[in-house]
Amino acid sequence: MTERVFNAYRETEPVWVHHLPISKYPQFPSLDHDIETDVCIIGSGIAGISTAYELITGDRVAHIISTLDLDCEFRYVPAYRHEADNKIISKGADYAGDAGIDAVFQKGFSVSGWDGDVSQEGAAVFAAQGTFHPTKYLLGVIEWLKAHPNFQCFADTRAMGVEEGRDNVIVWTEQGYIITAKDVVEATCIPLQDSSILAEMSYSRTYCIAIRGPRYDRLTACDDNNDYLVVGGCDHKVGQEDSLDRFEILATWARQRFAHAGSVDYHWSGQILEPVDHMAFIGKKEWKMHTYVITGDSGNGLTHGVLGGRLIADEIEGRENSWAALYEPSRMTVQHDIRFVIQLGSSTRDACSS
Ligand SMILES: Cc1cc2nc3c(=O)[nH]c(=O)nc-3n(C[C@H](O)[C@H](O)[C@H](O)COP(=O)(O)OP(=O)(O)OC[C@H]3O[C@@H](n4cnc5c(N)ncnc54)[C@H](O)[C@@H]3O)c2cc1C
């Protein structure tokens with residue numbers, strides 16, 4: 001029988017624990033003394049682990065998987081987007097094509113296993129999208145890091161604050177220990193102590209279910225007869241709508257399309273952080289010299305976590321990266337300044353005309 005382990009909220013759990021229960025995760029001690037290090041990464045999700053990997057050796061997902069020989073269900077599959085209005089998705093496919101992405105609109109396109117009453121009509125098809133089992137991937141990387149002499153990891157160690165000094169950065173923990181580092185990376189999904197970045201994002205909650213289907217629906221492995229179809233969506237602004245029936249809505253949506261779908265075995269949810277300009281915040285924090293952040297994933301945190309690891313490792317190690325400016329967290333400051341000038345201009349005009 002599959003071991004079921006509940007997450008921190010003790011209400012829901014993702015399908016990713018099906019073949020990889022939390023009890024099989026590598027164990028790390030909590031920090032029980034002060035330490036000094038070159039780089040302190042706070043957070044060991046995909047952003048933190050990717051940063052650690054990139055600092056030790058440079059690489060991306062497909063390459064990392066082949067280099068470390070990770071068994072994490074990695075494969076390239078087409079992605080389909082369909083909506084009631086074919087014009088919208090057709091236009092989206094054209095825009096993606098213009099941007100150099102292999103995407104086309106296919107009228108009458110039919111997804112394998114979709115045998116329900118709802119018609120498919122057409123879809124934008126994005127070729128060769130990489131997909132993988134996120135926790136198998138992360139555990140593979142962390143097992144590799146664990147064996148590396150330059151890597152230490154501490155669990156159950158909450159960072160309470162980060163402060164830059166003249167020569168180093170200090171992180172202090174809930175238990176009262178101090179980490180002294182040359183550079184600190186906040187890979188905590190939601191950044192610590194940073195009201196300016198927090199104010200530049202909106203927050204939604206998104207939901208997923210894993211529903212059993214015959215093997216050809218495959219999204220992630222279940223058992224000898226079934227695979228899991230992962231169905232997500234039903235997003236809403238945090239705190240503004242009831243979340244109770246969202247999993248049921250997703251199950252109904254799936255069953256209307258995949259008539260043979262079986263039981264819903266897993267359901268889980270989490271927050272999406274959406275920057276006002278839809279670009280993640282990755283890089284040096286505003287006014288800081290040695291404190292970095294990876295946040296604002298727009299629901300694509302697996303991509304952003306891996307990308308963020310590379311961008312930050314490049315910045316710390318002084319390598320130029322042509323993508324860095326796009327994600328620079330301080331880019332919003334420029335807009336604030338412009339808004340301020342415009343406001344000042346109009347209020348000055350008002351004062352003059354009254
Ligand atoms: C239902 C759902 C579906 C999704 N679907 C997709 C998808 O299809 N594709 C995709 O790319 N992304 C998807 N995402 C988003 C993706 O899972 C996340 O964006 C990504 O995992 C975030 O990774 P992270 O490393 O930035 O943060 P996290 O995984 O949240 O890791 C942050 C870590 O920092 C730790 N931490 C926080 N504060 C502190 C502190 N003070 N001290 C010490 N440690 C701290 C946390 O405990 C945690 O371990 C989905 C998310 C959900 C919930």
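A residue is taken to be near a molecule or strand if its C-beta atom, placed from the backbone, lies within 6 Å of it. Around the ligand there are 28 such residues, of which Gly43, Gly45, Gly270, Gly301 and Leu302 come nearest. The structure is a predicted model, in which local features need pLDDT of at least 70 and side-chain atom pairs count only at pLDDT 80 or more, whereas totals for chains, interfaces and linings use all residues. Residues are numbered from 1 along each chain as its sequence is written.

Helices (H or I, at least four residues) and strands (E, at least two) are DSSP runs numbered from the N terminus, and on this basis the protein chain has nine helices and 13 strands. A residue is classed as buried if 20 or more other C-beta atoms lie within 10 Å of its own, as exposed if 12 or fewer do, and as partly exposed in between, with C-beta atoms placed from the backbone; buried residues make up 29% of the 354 residues in the protein chain. Two residues are in contact if their C-beta atoms, placed from the backbone, lie within 7 Å, and of the contacts in the protein chain with a separation of 6 or more, 68% are between residues 24 or more positions apart.

The shell around the ligand draws at least two residues from each of helix 1 (46–56), strand 7 (178–189), strand 8 (201–214), strand 11 (264–275) and helix 7 (301–316). Helix 7 supplies the largest share of this shell, with four residues. When Ala, Val, Leu, Ile, Met, Phe, Trp, Tyr, Cys and Pro are counted as nonpolar, Asp, Glu, Lys and Arg as charged, and the others, Gly among them, as polar, the shell comprises twelve nonpolar, 14 polar and two charged residues.

Two of the elements that contribute to the shell, strand 8 and strand 11, also belong to an open sheet of four strands, which has the order 9-10-8-11 and antiparallel pairing. Strand 9 (220–221) and strand 11 stand at the edges of this sheet with a single partner strand each, so that one side of each is left without a neighbour in the sheet. Strands are said to pair if DSSP finds at least two bridges between them; strand 8 and strand 11 are joined in the antiparallel sense over eleven bridges, and Tyr207 has Ser269 in strand 11 as its bridge partner. Cys234 counts as buried because it has 20 C-beta neighbours inside 10 Å.

A further open sheet is formed by three strands in the order 2-4-3, again with antiparallel pairing. Its edges are strand 2 (75–81) and strand 3 (103–107), each of which has a single partner strand, so one side of each is left without a neighbour in the sheet. From one strand to the next the twist averages 30°, where axes are lines fitted to C-alpha atoms, for helices over the stretch in contact, and angles run from 0 to 180 degrees between N-to-C directions. Six bridges connect strand 2 with strand 4 (residues 122–131), and Ala79 stands opposite Phe126 in strand 4. Helix 3 lies across strand 2, strand 3 and strand 4, and runs at about 155° to strand 3. Just after helix 3, Gly100 takes a positive phi of about 90°.

In helix 4 (residues 134–146), the buried residues are Thr135, Tyr137, Leu138, Gly140, Val141 and Leu145, and these pack against helix 1 and helix 2 (61–68). Thr135 counts as buried because 21 C-beta neighbours lie inside 10 Å; when residues up to four places away in sequence are left out, Thr135 touches Trp16 and Leu20. Although Thr135 and Ile46 are 89 residues apart in sequence, their C-alpha atoms are 8.9 Å apart in space.

Strand 12 (residues 281–284) and strand 13 (residues 291–295) run antiparallel and are joined by four bridges, with Thr295 in strand 13 as the bridge partner of Phe281. The hairpin of these strands has six residues between them, and there Trp287 takes a positive phi near 65°. In the loop between strand 13 and helix 7, Ser298 likewise has a positive phi, near 55°, and counts as partly exposed because it has 16 C-beta neighbours inside 10 Å.
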